[in-house]
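Welcome! Take a look at the protein below, and then we will walk through its parts together.

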Amino acid sequence: MNCNLSFQERAKLSMEQLSKQQPVTLKEAKAQVIWLKKVSISKNKKQIA
């Protein structure tokens, strides 16, 4: 993969990838947020211990 991409080229590639993904419902997005919060809290506890 070419690492010397401009910001505009990266943005174009990202938009192409996003257009291929299935849409996410609000319910699914909320579930993802809850899961991420749970995982990040447990990850922080492991680092502290």
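Helix α1 (residues 7–20) has 14 residues and reaches 20 Å from its first C-alpha to its last, close to the 20 Å expected at 1.5 Å a residue. This is a predicted model, where local features need pLDDT of at least 70. Residues are numbered from 1 along each chain as its sequence is written.

**Helices**
- The protein chain has two helices and zero strands; helices (H or I, at least four residues) and strands (E, at least two) are DSSP runs, numbered from the N terminus.
- The expected span of a helix is 1.5 Å times one less than its number of residues.

**Burial and surface**
- Zero of the 14 residues of α1 are buried, so α1 lies largely in the open.
- Buried means under 20% relative accessible area, exposed over 50%, and partly exposed in between (1.4 Å probe, protein chains only).
- Across the 49 residues of the protein chain, 0% are buried.

**Trp 35**
- Trp 35 sits in helix α2 (residues 26–48).
- With a relative accessible area of 52%, Trp 35 is exposed.

How values were computed
Predicted model: local features only at pLDDT ≥ 70, side-chain atom pairs only at ≥ 80, totals over all residues. Heavy atoms only, no water.
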